[in-house]
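Hi,

Here is the model I promised to pass on. Have a look at it first, and then read my notes below.

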Amino acid sequence: MNDASSHTPKGTIDGVNGNLIRVTFPESVMQNEVGYALLGDLRLKAEIVRVRGRQCWLQVFEDTAGLKVGDPVEFSTELLSVELGPGLLKSVYDGLQNPLPELAEQCGFFLERGQYIDGLNRETKWDFTPSVKVGDVLSAGESVGSVPEGLFTHRIMIPFDWRGSFTVKEISEALTCTVDTVIAKVEDGAGELRPVKLFQTWPVKKAIKAYDERLRPTENMTTQVRILDTFFPVAKGGTYCIPGPFGAGKTVLQQITSRRADVDIVIVAACGERAGEVVETLREFPELEDPRTGKSLMERTLIICNTSSMPVASREASVYTGVTIAEYYRQMGLNVLMLADSTSRWAQALRELSGRLEEIPGEEAFPAYLETVIANFYERAGLVRLKDGSIGSVTIGGTVSPVVTSRNPLPKVPSKWWEPSTVSAANARINVVIPPSTLWRAGVNIPVWWIPKNWIRPDAVCGPVAMWNK
Amino acid sequence: MHTLYHGIENIVGNVLMLRATDVGYGDLAEVTFGEDSSLAQVIQLDGDQVYLQIFSGSRGVPTDATVRFLGHGLQVPFSEDLLGRIFDGSGRPRDGRPELDATPVGVAGPSVNPDQRIIPRKMVRTGIPMIDVFNTLVQSQKLPIFSVAGEPYNPLLARIALQAEVDVIVLGGMGLKYDDYLFFRETLEEAGSLSRTVMYVHTAADPTVECLFVPDLCLAVAEKFALENKEVLVLLTDMTNYADAMKEIAITMEKIPSNRGYPGDLYSQLAARYEKAVDFESAGSITILAATTMPGDDVTHPVPDNTGYITEGQFYLRNGRIEPFGSLSRLKQFVNDKTRADHRKIMDRMIQLYAGFRSTEEKRSMGFRMTEYDRKLVKFGDLFEKRLMDLRVTLHLEDALDACWQILADCFEADECGMPSELIKEFWPTERSEVRSKNP
């Protein structure tokens with residue numbers, strides 16, 4: 001993704017243990033900086049996860065076979081980032097925003113390591129229309145114009161990490177251009193001109209905060225699954241999770257939601273799950289009709305696919321990549337639903353890494369910071385008022401596969417309640433597709449669609465009673 | 001290039017440590033001592049300390065052994081001549097025939113691009129009614145057979161190896177009893193199926209480390225066959241032994257254990273193997289069926305638990321039968337609408353009636369009065385178990401479907417069995433089998 005320049009500082013590998021490498025670095029490095037381990041012509045992407053003295057530990061996002069002590073490592077001086085701009089929708093990415101169809105064109109059936117492709121296609125042309133004039137004063141997150149992207153008007157915004165206010169000095173006419181084109185130049189407080197392109201990059205593990213105010217979610221997100229909408233409604237900007245043992249129908253419920261939910265954009269992050277399940281989405285979505293627009297469902301969907309056999313470190317990154325893109329579209333005043341399947345696999349990825357770092361394990365060897373990390377992730381959901389007054393939201397729905405993680409990310413899920421009931425319903429072959437309905441038929445009153453009331457954020461929960469009164 | 005190193009500093013379990021430079025992670029080395037030699041693999045690099053996992057086990061390895069690094073990772077020779085051969089866990093012939101002279105291919109290669117996968121479309125006929133009719137095995141599917149130790153999972157796998165309608169069978173044995181290995185070999189030989197089979201067998205008497213390579217060898221070979229347009233079925237037994245071998249090495253390496261001593265990457269390791277199951281758009285396919293014993297019949301044990309989240313369903317083997325409840329093929333709906341018009345309906349109805357039979361059984365055991373319908377259900381359950389569930393039964397799918405109708409006809413009136421009338425018109429047997437008269 002980044003050009004290798006000759007003067008980038010280089011470190012040398014000092015130890016290899018699974019996907020973790022220990023590197024001695026010459027000058028300075030940054031925590032979570034991206035580096036590349038050089039193996040012959042291959043550049044293996046990695047991220048710094050620990051620094052001790054002159055040594056840092058990097059988790060490599062690829063298979064490390066063949067790396068030797070003494071091999072060079074390049075540092076990029078950047079955090080793990082994604083490209084945000086027109087062309088994200090309809091894409092199928094891996095956890096590090098490499099487009100999988102393009103990778104397939106390049107490498108065929110298999111995912112060869114060390115192959116990275118720009119997240120946004122540099123050739124595609126977009127019709128830019130400016131919405132500001134020279135002299136206007138803007139701040140981060142405000143738009144300078146827009147391009148049409150399928151069903152949506154894609155706002156081109158001042159990069160979210162720019163501080164202060166900027167005066168527009170140059171703005172291009174309406175034109176057709178690629179994402180790389182500079183379409184405006186703005187002057188910052190120090191009198192320096194900064195170029196604005198159609199895209200910007202953003203470090204995935206940081207929440208985008210270029211909005212005015214975060215609001216209390218009040219509006220219902222209709223899923224069109226009756227039992228959910230009636231008894232367990234979720235607010236736009238809220239969070240929910242679907243716990244269930246294997247075979248309960250978590251993924252099926254997610255798929256139904258992704259098709260039917262009353263939101264503008266759906267981001268599906270398949271994190272450490274079966275490849276076969278993603279294939280269904282990949283093959284079927286382009287052919288399915290969006291009930292609201294009549295166009296292909298893929299027009300409003302983005303799939304992040306880091307299945308269980310793909311490297312574990314990019315599995316950890318994949319949910320962040322997903323939620324960052326969700327926040328980006330929220331910045332355009334859209335309602336985005338981000339589905340993470342499954343957060344347990346993600347938690348396991350954290351555990352794997354923690355184990356390799358030889359951190360003192362918590363319960364069942366999950367790291368002690370697991371709950372903070374998960375809470376931080378779910379906190380990125382929310383309803384916000386943007387600087388231009390429009391409202392956007394990110395709703396996060398995660399599945400949880402219990403036995404392994406029940407006690408950790410979801411300390412309050414009474415796992416033993418629903419497990420036997422789902423199994424007995426499945427035995428009778430009534431309807432295993434949607435667990436809530438089977439549970440209902442079996443006369444068991446259990447919120448499978450469980451809204452984590454006291455756990456994540458009390459004000460994000462749109463309780464059943466509140467919805468009833470509305 | 002291939003420098004020889006003398007002198008091993010540490011020997012802990014099956015892991016040797018020596019000082020060497022210019023060694024790649026995952027590379028193989030040849031350790032020679034006296035007249036013996038063994039392969040070993042680099043499993044950790046720490047400065048100039050190289051940790052080697054020795055395949056033959058460390059017993060008898062002296063500190064002055066000679067180590068030669070080969071400069072590549074684990075490889076397996078591949079050619080059509082593999083068919084009919086039997087190897088051990090490090091790829092050496094076990095059948096007394098010479099080593100295979102063929103191009104070596106790397107094992108544990110990269111994973112398939114999800115974008116290149118296709119929706120599964122073809123069933124694998126096994127001739128076992130509980131699989132073909134009720135939980136159809138689909139090409140590219142990965143399914144475990146959850147079983148308690150002592151259940152006949154190896155005979156079941158052997159039968160599948162004989163009967164499955166595929167081009168190539170790759171059989172991987174991990175921690176097999178020697179008797180079981182002989183059983184597999186003889187069964188396949190007698191039936192003449194050995195010629196389409198490759199076996200990689202690690203027996204319980206072999207060094208643990210070799211157990212770790214069996215799935216990788218099997219799947220690397222399977223992948224090559226699949227790319228050559230073959231439909232491959234990989235049978236693995238027993239994955240719990242494989243996980244235990246991983247646990248053993250992880251503990252030796254002083255890795256932080258996560259759950260009941262298993263390493264934290266158990267899920268990823270299992271998934272990396274199971275996800276090799278694939279159906280290539282323009283080539284063959286790999287289907288995986290793996291026996292997984294559940295210690296103490298506990299499905300929440302880390303091995304079956306993690307497996308369940310990776311695989312596309314599971315078969316439960318209990319009391320010598322494939323359990324109709326709990327067993328699930330998640331992919332069957334992709335294929336069972338293309339087999340015969342009655343397949344789905346009769347599959348559902350039979351299981352529903354069998355569920356009815358089970359509750360009737362409960363009722364009977366508690367001494368409640370049985371109704372006429374209850375008696376019919378009891379008869380149905382008995383016939384179902386005898387004619388379909390018994391593991392010895394071999395029937396083609398169509399014959400098995402007919403057998404389902406025959407059971408219904410033997411027990412119920414046509415309007416009692418809850419099947420759609422157009423299907424009854426087409427499939428209802430004209431005669432009842434003689435069972436009825438024998439057993440009024």
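Let me start where the two chains meet. Gly15(A) sits opposite Asp46(B), which belongs to strand 5 of chain B. Keep in mind that this is a predicted model.

What else touches across the chains? In total, 48 residues of chain B are in contact with 50 residues of chain A. On the chain B side, the elements that give two or more residues are strand 5 (36-46), strand 15 (257-259), helix 7 (266-274), helix 8 (302-310) and helix 9 (343-365). Sorted by class, that side of chain B has 20 nonpolar, 17 polar and 11 charged residues.

Now the inside. The largest nonpolar core has 255 residues. Which residues have the most contacts inside it? They are Ile267(A), Met338(A) and Val234(B). I followed up Ile267(A): leaving aside neighbours within four places in sequence, Ile267(A) is in contact with Met338(A) itself, along with Leu302(A), Ile304(A), Gly322(A), Ile325(A), Ala326(A), Val336(A) and Leu339(A).

Finally, chain A as a whole. Chain A has 11 helices and 26 strands, and 54% of its 470 residues count as buried. If you take the contacts in chain A with a separation of 6 or more, 68% of them come from residues 24 or more positions apart.

That's it from me for now.

Cheers

Technical notes. Residues numbered from 1 in each chain as written. Chains lettered and ligands numbered in written order. Predicted model: local features only at pLDDT ≥ 70, side-chain atom pairs only at ≥ 80, totals over all residues. Core = buried A, V, L, I, M, F, W, Y, C linked by C-beta atoms within 7 Å. Buried ≥ 20, exposed ≤ 12 C-beta atoms within 10 Å, placed from the backbone. Contact = placed C-beta atoms within 7 Å. Helix = DSSP H or I, 4+ residues; strand = E, 2+ residues; numbered from the N terminus. Nonpolar A, V, L, I, M, F, W, Y, C, P; charged D, E, K, R; others polar. Pairing = 2+ DSSP bridges.
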